[in-house]
There are 2 protein chains.
Amino acid sequence: MSEARGLNYRPLYEQIKTLLVRRLGNNEWPPGTALPSEIALAQEYDVSQGTVRKALNVMEKEHLVERRQGRGTFAARHSQQRSLFQFFHLVNDNGERELPVSRATSCRQSKASAAEARALELPERASVIRIERVRELNGTPAIHERISIPSSLFPGLASWPPENLPNTLYEFYETEYGVMVVHASEKVRAAAASATEAKVLGVAPASPLLSVERRALNIRNEPVEWRRSLCRTDQHYYFNELD
Amino acid sequence: MSEARGLNYRPLYEQIKTLLVRRLGNNEWPPGTALPSEIALAQEYDVSQGTVRKALNVMEKEHLVERRQGRGTFAARHSQQRSLFQFFHLVNDNGERELPVSRATSCRQSKASAAEARALELPERASVIRIERVRELNGTPAIHERISIPSSLFPGLASWPPENLPNTLYEFYETEYGVMVVHASEKVRAAAASATEAKVLGVAPASPLLSVERRALNIRNEPVEWRRSLCRTDQHYYFNELD
DNA sequence: AAGTGGTCTAGACCACCGC
DNA sequence: CGGTGGTCTAGACCACTTG
């Protein structure tokens, strides 16, 4: 009997976690709302409170829920705080995080390039929206960004005036379109500034810039955004903790 | 009574963890050796097995110990695997990790510069050892590194012939000097190649390179190494997962 | 077979929150 | 005050490793 389970054994708490993640993905508990209490979930699934707790604690570490003693467990939201801490890695020479100020210059619909289609796992020439913007740090332009997102997930976004796009996009994706970014990976390289990039960022052409290419995924691990950021790193650096 | 504890309340498992970390720092269980079993530790500290387990699980996530079902709990070691996965973030354009091949060109004792003293938290002009090396990826020079370490922690290292220094330094630090790197942080920037760097890496002078400045700490959070790596990123990139 | 860590349960009490 | 998650305990059983 233990042999029968041996091969495809899966801990109960992981099964519970899978069920809860699925319900989150179905938007059963929209961002910011409370999940049932541990006791209620334990009764519903007919497991012990400890098993539910373990599942929820894992989900908290993955930023899928927030838990607060005395209050409850809540579906994660995309606060500005979180964007700044989880996703924004540029800090100034003193190691301080600065809030970037963004100014979008264009927001248009287009057919996906081969690279966009690959990064977003879309068919060739599928419809995407491209956003271009400049972000200032401490009052000076420091980041030039090109962002691509699938049109299908963001209906009507292409007709927004670019100057109305908010500073923290992930919060905007979530509240306006129900698209929740929960995970991302970045490819960082050094690149020489092109003529236009140099002009926008106020550096000499061919100056070294930091190129950060990011792919962002939702809770179902589907890509929802692809962006390339070109950053001045003369007064800031990209910070990474290895632990 | 609950007020009396309220202010400086600290969970039991954290106190146990602190005690265990201290014993690890005192080298009571050298890297690779087994700690006592959960049951033995629980009896020793007169707490439940579950409390010890929680402390050990936290320590495992911090890479201080390794735990294996059926075998036991072991003080962490610096395998080449770990160096590659936890500390080495350059991967090739296909996303594959390659084992770098290192060739040290110099290894000398010197007085710390102001920057070195600050990074290593040493007094001005304290004795440091500087190692310079080139690392090849896929057969071509791709990384130029300058490494600074406090002489006090590595007696006699300065008299090693540089060509005898091994590829994975952290494993070497641990086995030869009992210096265990457990945590590090990196500052990443774009920089223009100097004439000498360009020559070593086989690129044009002023080419954009990725500058990775790393500060590595031991279990007591004391800095034990400072290094700056200049990397070609035309066939590789610095990969970072955000979760 | 014996010993390890991993899971699961049940129950007690504590710290925290909001009413 | 009642309800939440956080801690701590004790005990049972399971999966894995070693001999």
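Domain bounds here come from an automatic or database domain assignment. On that basis, chain A of this predicted model is divided into domain 1, residues 2-75, and domain 2, residues 80-238.

Begin by colouring the two domains of chain A separately. Their centres, taken over C-alpha atoms, are separated by 32 Å. The contact between them draws 7 residues from domain 1 of chain A and 7 residues from domain 2 of chain A. On the domain 1 side, these comprise 4 nonpolar and 3 polar residues, with no charged residues.

Next, select residues 10-78 of chain A. An unreviewed UniProt entry annotates this stretch as "domain: HTH gntR-type".

Now display chain B together with chain A. Here 24 residues of chain A are in contact with 24 residues of chain B. To view the chain A side, select helix H5 (80-87) and strands E7 (183-192), E8 (208-217) and E10 (236-242), each of which supplies at least two residues. Strand E7(A) provides the largest share of that side, 10 residues. By class, the side of chain A that touches chain B has 13 nonpolar, 5 polar and 6 charged residues.

Finally, select E10(A) and strand E7 of chain B, residues 183-192. Which way do these two strands run relative to each other, parallel or antiparallel? They run antiparallel, and 5 bridges join them. To inspect one position along this pairing, centre the view on A:Tyr238, which stands opposite B:Val188 in E7(B).

How values were computed:
Residues numbered from 1 in each chain as written. Chains lettered and ligands numbered in written order. Predicted model: local features only at pLDDT ≥ 70, side-chain atom pairs only at ≥ 80, totals over all residues. Contact = placed C-beta atoms within 7 Å. Nonpolar A, V, L, I, M, F, W, Y, C, P; charged D, E, K, R; others polar. UniProt positions renumbered as here; feature names shortened; annotations may be inferred. Helix = DSSP H or I, 4+ residues; strand = E, 2+ residues; numbered from the N terminus. Pairing = 2+ DSSP bridges.
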